[in-house]
Number of protein chains: 2
Amino acid sequence: VERSAGGDRLGPAGVLELFRTGRAKTRSDVVRLTGLGRGTVSQRLDGLTEAGLLVSDGEGVSTGGRPPRRFAFHSSHGVFLVGDMRAHHIHAAVTNLEGAVLAERMLSIDVAAGPRPILDQLIAGLEELLGGLGRSPIEVRGIGVAVPGPVEFATGRVISPPIMIGWDRFDIPGHFAASYSCPVLVDKDANAMAFGEHRWCWPDHPEMLMVEVGTGIGSGVVIAGRLYRGAFGAAGDIGHIPYGPGEGSGEEPTCRCGNVGCIEAYAGGWAIARDLRKLGHNVNQTADVVTLLRLRHPDVTALIRHAARIIGVAISDAVNILNPSLVVIGGELALADEPLLAGIREVVYRRSLPLATRDLQITVSQLGGAAGVIGLALMLGDRAFAPELIDEQLGFRP
Amino acid sequence: VERSAGGDRLGPAGVLELFRTGRAKTRSDVVRLTGLGRGTVSQRLDGLTEAGLLVSDGEGVSTGGRPPRRFAFHSSHGVFLVGDMRAHHIHAAVTNLEGAVLAERMLSIDVAAGPRPILDQLIAGLEELLGGLGRSPIEVRGIGVAVPGPVEFATGRVISPPIMIGWDRFDIPGHFAASYSCPVLVDKDANAMAFGEHRWCWPDHPEMLMVEVGTGIGSGVVIAGRLYRGAFGAAGDIGHIPYGPGEGSGEEPTCRCGNVGCIEAYAGGWAIARDLRKLGHNVNQTADVVTLLRLRHPDVTALIRHAARIIGVAISDAVNILNPSLVVIGGELALADEPLLAGIREVVYRRSLPLATRDLQITVSQLGGAAGVIGLALMLGDRAFAPELIDEQLGFRP
């Protein structure tokens, strides 16, 4: 109530947002969408163009007189650096300010080597990509890192991570601050994927659950069209829901997190690799599981079917609690499209209430392996062009 | 963006809200909180007073000159009628416009008797309470009904309810429309409880889970300070999360919903009554279980401890997914304060991730049996005094 008091006039940030989200192309679009006067709109457009945030984009279609000048969000006025980390690799990418990937590379790592060497390897990889594009570190407007562990989002610190040995409470943004002065955000992997997938592919599903089925299992929760992190950043942790009572009966497998009987300890990529080794297969990582999956080896197909039913139990719990209209399955094992999706659907439709499943869609990721890097870049865009920052930068006081 | 364009001046509704929520008492308070001019504020206060929404509330403390006139929300300018229904009773109440209970009564029902006779009994009971207060049906500003089943909130219809036989898709608001022209809202019982408990007792916990442990088990989810209903109104259904795979091994108890192995089929009041009967006790309903509980009979204490661990499993799943900062346990069996709370806490702290439980509080309801009726009345208040309605009623166009 207080905030909108005294006339909350729309500043340049609001006008920029119309171009950034593709809703406006011309001055007339802005006048129509905002109700601001033509003079005010011209002033806003001039300010945004001078600040390098908007660019002239040719001429639009005339409706009679002189064709209107078109404007566009200046998406190449800087770049974002992003790294989407898993246990054994980082998907490193340079993106433009709209989240389009300009250059990318897979870096092999062992996440348990600890934060400093791995983040230095990431920085070196990103700077090579940057150099290859002929761009300079000074053009970097934001850095985003997704990690396979719980993150206290406000501080960018990983908290009591099950697999990121040596990372507990490490100040990831602080490590970048030695070389970069731009904002650095850190989030858990499934959140980055959920954000990318939601914004680019499913904006019409304000209540969405993105489930990552890779080496580990996690989820990102979208509520009212926004990423929901919970009170402390731990929301969406379905991988460590115990399958069964989790009381250590002696029959339940031990999880990477130290507990017994977690969903992930039955159905994560690492658990499937473990079970394949017991069957005599030479597999080490989730990537090896994916290779066998591509070959349609019956052992792995059977294990994936079993895993799907267990993951389905966790997803049905989440569906009962959150009641989303869409569940998107992503991650390396989502390649196993048919058996994985069929198994998950069967369990969710059986275990959840009719009202929750009546109009529920369950589908696989559209962005595939790129969901994480795109999600990070889009999060950075929202942060770099946050209305209060832009209005302040352009000297506008509402 | 569009909404705030062109100067979103604060109308009378925004000023009323300051009094309704207790943030303003005088004209000066409004000037300070909103930045509106004194003349505009006086005009708003006059309009609201003429419309009967504000009343003069004596004089405030002078800061030098004439003591300022005090205003208050006119909470007796009408009443709300509410009915909080369970399988065997309805808590019927008349409240003022701030949610304070003016008169109340317990009505005995059998919910399976179907909607018409039960709603007619509720209407008769409410009208008797109304008459006892010397108030007339014309003063009723809203009617709220909470039911023990899933509700499609937009239409006020119960959808595929497990225990409300004969209620499926019944138009509850339509039944009241024959006698009342005011708004009628219908929500599931745990949502009404969550709303009341959150608004009156825990406004500083924007992420809260309210768990009802009564005849059935359900929950209401508060996110970002608002009740979260999910895409279709089914959010928070933890009672029908299967405890274990729910595949019908033959050992799992059958639930009232028709599935097997639901949390409720082990730990709801009806399931505990079933288990007590097997032990030779003469118990029919949850109320009988509560009686034994008050007597601290060791059989019921042991069953409650067991139930607490099973309910704890469902709550820990919800904590992993939602990451609230507060879990409130309410419902008839929450009387079993010590064994219930201890068992739930033990399981949740063991089964959930450290980041999710680090600052998590688990406590019992402050409002007790009144949470539902108070929650309904507060929801009705938000609806009756919704800013767009008030501004329209007072002819204000932003």
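Apart from its neighbours within four places in sequence, B:S325 is in contact with A:A231, A:F232, B:H205, B:E207, B:D359, B:L360 and B:Q361; contact means heavy atoms within 4.5 Å. This is a predicted model, in which local features need pLDDT of at least 70 and side-chain atom pairs count only at pLDDT 80 or more, while totals for chains, interfaces and linings use all residues. Residues are numbered from 1 along each chain as its sequence is written, chains are lettered from A and ligands numbered from 1 in the order in which they are written, and side-chain values use heavy atoms, with hydrogens and water left out.

The side chains of B:S325 and B:H205 are joined by a polar contact of 2.7 Å. A polar contact is a pair of N or O atoms within 3.5 Å; within protein, one must be able to donate a hydrogen and the other to accept it, and residues adjacent in sequence count only if both atoms are side-chain atoms. B:S325 sits in the loop between α10 (298-322) and β13 (326-330) of chain B. Helices (H or I, at least four residues) and strands (E, at least two) are DSSP runs, numbered from the N terminus. B:S325 counts as buried because its relative accessibility is 10%; buried means under 20% relative accessible area, exposed over 50%, and partly exposed in between (1.4 Å probe, protein chains only).

The loop between α10 and β13 of chain B also holds B:N323. B:N323 is buried, at 0% relative accessibility, and its phi is near 50 degrees, a positive value in a residue other than glycine. Most residues other than glycine have a negative phi. B:S160 is not a glycine either, yet has a positive phi of about 45 degrees. B:S160 lies in the loop between β8 (157-158) and α5 (172-177) of chain B and is partly exposed, at 27% relative accessibility.

Between the two chains, 60 residues of chain A are in contact with 61 residues of chain B. The area buried between them is about 5,300 Å², and carbon and sulfur atoms give 59% of it. Buried area is the accessible area (1.4 Å probe) that two parts lose on being put together, summed over both. In chain A, the residues that lose the most area to chain B are A:F232, A:I321 and A:L355, together 15% of what that side buries.

| Pocket | Volume | Lining residues | Largest share of lining |
|---|---|---|---|
| Largest pocket | about 1,200 Å³ | 36 residues | α13(A), 5 residues |
| Second largest pocket | about 950 Å³ | 28 residues | α13(B), 6 residues |

On a 1 Å grid over the protein atoms alone, a pocket is an open set of points where a 1.4 Å probe fits, with protein on both sides within 12 Å along at least five of seven lines; lining residues have an atom within 4 Å of a point. Grid points are joined across faces, edges and corners, and a volume is the space filled by probe spheres set on the points.

Residues nearest the centre of the largest pocket include A:R199 and A:R226. Its lining divides into 18 nonpolar, 4 polar and 14 charged residues. For the second largest pocket, B:E17 and B:D382 are among the residues closest to the centre, and the lining divides into 14 nonpolar, 4 polar and 10 charged residues. Ala, Val, Leu, Ile, Met, Phe, Trp, Tyr, Cys and Pro count as nonpolar, Asp, Glu, Lys and Arg as charged, and the others, Gly among them, as polar.
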